Amino acid sequence: MRNTLTTKLFAAILISSFLSGCGVLAVGGVVAGASVLADRRAPAVQAIDKGIELEAGNALAKRYGDDAHINVTSFNQKVLLTGEVKNADIKNQAGAYVKAMKNARSVFNELAIGPNSTFTARANDSYLESKIKAQMIFTDKLPSNSMTIIAEGSSVYLMGILTQNEAAIAKKVTSNTEGVKDVYAYFDIISDAEKTRLEKQGKADESQPISTPK
């Protein structure tokens, strides 16, 4: 069992490192995350999402301690809560806290009531996410860097900015991945025209130096 878990953990780390698109890139003499250049979200929105995750994650962990294991994922200011909580009161309170955050556009509270997941379960979730990412990145016409994937047990949650056709492909790829039972999609659906505009904007952004305020 230990060898199997170690192998899964190594595979998850290796694949995630390769697929995350979050490598460091030097642009115009300034270091910037490559994910900023490949994401359909504006860099400012990406920063807001990261801020929501950090603020809410830290606050909820401090407030509930061992009574909850809460994962906060924000994409385009839509916030997903997954994990486990001791009771319904904590679930509702956690959802209300995030809804009250000024930058949270909407909140999807998928917290399960029950004991905190084990280290083994979380390792399996990471491994499942990595398998799906591997399928996504090698699927034609699917912008994997404009999506995020969250696995909790056999359930998988998808968030991102996609066209209707891209969303259908993403859901199909996920549901066909071994180990996945349920797929829940919280996409922002855009038109083909908006997709083209965002892609052109992304290429324009890549050609410009990224500088920090003085």
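The axes of helix 5, residues 119–137, and helix 6 come within 10 Å of each other and cross at roughly 135°. This is a predicted model. Two packed helices are described by the angle between their axes and the distance between the axes. An angle over 145 degrees would count as roughly antiparallel, and one from 65 to 115 as roughly perpendicular, with oblique covering what is left between these ranges. Helix 5 and helix 6 are therefore oblique to each other. The crossing of helix 5 with helix 6 is right-handed. On the helix 5 side the contact involves Ile132, Gln135 and Met136, and on the helix 6 side it involves Ala170, Val173 and Thr174. Sorted by class, these residues are four nonpolar, two polar and no charged.

Helix 3 packs against helix 4, residues 88–99, at an angle of about 145°, and their axes are 11 Å apart. This crossing, of helix 3 and helix 4, is right-handed. Helix 3 contributes Glu55, Ala56, Ala59, Leu60, Arg63 and Tyr64, while helix 4 contributes Ile90, Gln93, Ala94, Tyr97 and Val98. The contact of helix 3 with helix 4 has eight nonpolar, one polar and two charged residues.

These helices belong to a protein chain that has seven helices and nine strands. Of the 214 residues in the chain, buried residues make up 38%. Among contacts in the chain with a separation of 6 or more, 67% are between residues 24 or more positions apart.

Glu166 is in helix 6, which spans residues 164–175. Is Glu166 buried or exposed? Its relative accessible area is 3%, so Glu166 is buried, the cut-off for buried being under 20%. What does the side chain of Glu166 reach? It reaches the backbone nitrogen of Thr163, at 2.9 Å. The side chain of Glu166 also makes a polar contact of 2.8 Å with the side chain of Arg40. Leaving aside neighbours within four places in sequence, Glu166 is in contact with Arg40, Lys141, Leu142, Pro143 and Lys195.

Two of these partners can be followed further. Arg40 is placed in the loop between helix 2, residues 34–38, and helix 3, residues 43–64. Arg40 counts as buried because its relative accessibility is 11%. Leaving aside neighbours within four places in sequence, the residues in contact with Arg40 include Ser146, Ile161, Leu162, Thr163, Ile190, Leu198 and Glu199. Pro143 and Lys195 are among the contacts of Arg40, and they are also among those of Glu166.

Lys141 is in the loop between helix 5 and strand 7, residues 147–152. With a relative accessible area of 62%, Lys141 is exposed. The phi angle of Lys141 is near 65°, a positive value in a residue other than glycine.

Asn76 also has a positive phi value in a residue other than glycine, near 55°. Asn76 lies in the loop between strand 3, residues 68–75, and strand 4, residues 78–85. Its relative accessible area is 18%, so Asn76 is buried.

Glu84 counts as buried because its relative accessibility is 10%. Which residue has its backbone nitrogen 3.0 Å from a polar atom of the side chain of Glu84? That residue is Ser117. Glu84 and Ile70 are 14 residues apart along the chain, and their C-alpha atoms are separated by 6.2 Å. Not counting residues up to four places away in sequence, Glu84 touches several others, including Ala68, His69, Leu111, Ala112, Gly114, Pro115, Asn116 and Glu152.

The last stop is Phe108, in strand 5, residues 106–109. Phe108 counts as partly exposed because its relative accessibility is 23%. Phe108 and Leu81 are 27 residues apart in sequence, and the distance between their C-alpha atoms is 6.2 Å. Not counting residues up to four places away in sequence, Phe108 touches Lys78, Val79, Leu80, Leu81 and Tyr186.

How values were computed:
Residues are numbered from 1 along each chain as its sequence is written. This is a predicted model: local features need pLDDT of at least 70, side-chain atom pairs count only at pLDDT 80 or more; totals for chains, interfaces and linings use all residues. Side-chain values use heavy atoms; hydrogens and water are left out. Helices (H or I, at least four residues) and strands (E, at least two) are DSSP runs, numbered from the N terminus. Buried means under 20% relative accessible area, exposed over 50%, partly exposed in between (1.4 Å probe, protein chains only). A polar contact is a pair of N or O atoms within 3.5 Å; within protein, one must be able to donate a hydrogen and the other to accept it, and residues adjacent in sequence count only if both atoms are side-chain atoms. Contact means heavy atoms within 4.5 Å. Axes are lines fitted to C-alpha atoms, for helices over the stretch in contact, and angles run from 0 to 180 degrees between N-to-C directions. Angles under 35 degrees count as roughly parallel, over 145 as roughly antiparallel, 65 to 115 as roughly perpendicular and the rest as oblique. A crossing is left-handed if the near helix is turned anticlockwise from the far one by less than a right angle, and right-handed if clockwise. Ala, Val, Leu, Ile, Met, Phe, Trp, Tyr, Cys and Pro count as nonpolar, Asp, Glu, Lys and Arg as charged, and the others, Gly among them, as polar.
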